[in-house]
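Subject: Structure for your files

Hello,

The structure is pasted below, and my notes on it follow.

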Amino acid sequence: MRVLLIIDMQNESFVSMDAMFEGEAVITRIQTLAEAFRMKGDKVIFIQHDGSSEGCYIPHTEGWEILPALPVNPDDLVISKTANDAFYKTDLKQILDNLTITELVVTGCATDFCVDATVKAALVNDLPVTVLSNAHTTEDKPHLTAKQIIDHYNWIWSAMAQTKSAIQVVDFDTYTQATS
């Protein structure tokens, strides 16, 4: 079974849609993927950040909610996390082990924090990871543009030494053509 992991696509990150690099396009790509995964009987898992300790993404507030453009279906799973790494003190690894996954497809926000930490944790947990190079996003930082950050992390992930598994980095169009 393939699993689509949708990380931190929450209202608070998208208060200004213009701040997130290709925000609307990324949301559309993730929604398209989620629909395709569901149609094939694969699993969709949303990761939802609880930033109570940081004073943001407070549970049950509008900012904490998953974007309305990415509706959660009844068969989807939602996992709450409190750190960048979606595996840290969550039951994500156990859920994935129980599903006997063949591929973990990672998407979401923010490339340089939660997406990166989760991708690396998946690799050290020997999971077969695919990152869609244009289905994760972040915003500009003082020293780099969002595009530079995204390009940098896509390169890092594609160049990482493999464990039992490896990280594949492919773009949305290539992935959807290969899996349809």
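The largest pocket has a volume of about 310 Å³. Among its 17 lining residues, S13, Y57, A110, F113 and C114 are the closest to its centre. The lining divides into eight nonpolar, five polar and four charged residues. A pocket here is an open set of points on a 1 Å grid over the protein atoms alone where a 1.4 Å probe fits, with protein on both sides within 12 Å along at least five of seven lines; lining residues have an atom within 4 Å of a point.

This is a predicted model: local features need pLDDT of at least 70 and side-chain atom pairs pLDDT 80 or more, while totals for chains, interfaces and linings use all residues. Residues are numbered from 1 along each chain as its sequence is written, and side-chain values use heavy atoms, without hydrogens and water.

Disulfides (cysteine sulfur atoms within 2.5 Å) come to zero. For C56, the nearest cysteine sulfur is that of C114, 9.8 Å away. C109 also has the sulfur of C114 as its nearest, at 7.8 Å.

Y153 is buried at 17% and W157 at 0%.

Regards

How values were computed:
Buried means under 20% relative accessible area, exposed over 50%, partly exposed in between (1.4 Å probe, protein chains only). Grid points are joined across faces, edges and corners, and a volume is the space filled by probe spheres set on the points. Ala, Val, Leu, Ile, Met, Phe, Trp, Tyr, Cys and Pro count as nonpolar, Asp, Glu, Lys and Arg as charged, and the others, Gly among them, as polar.
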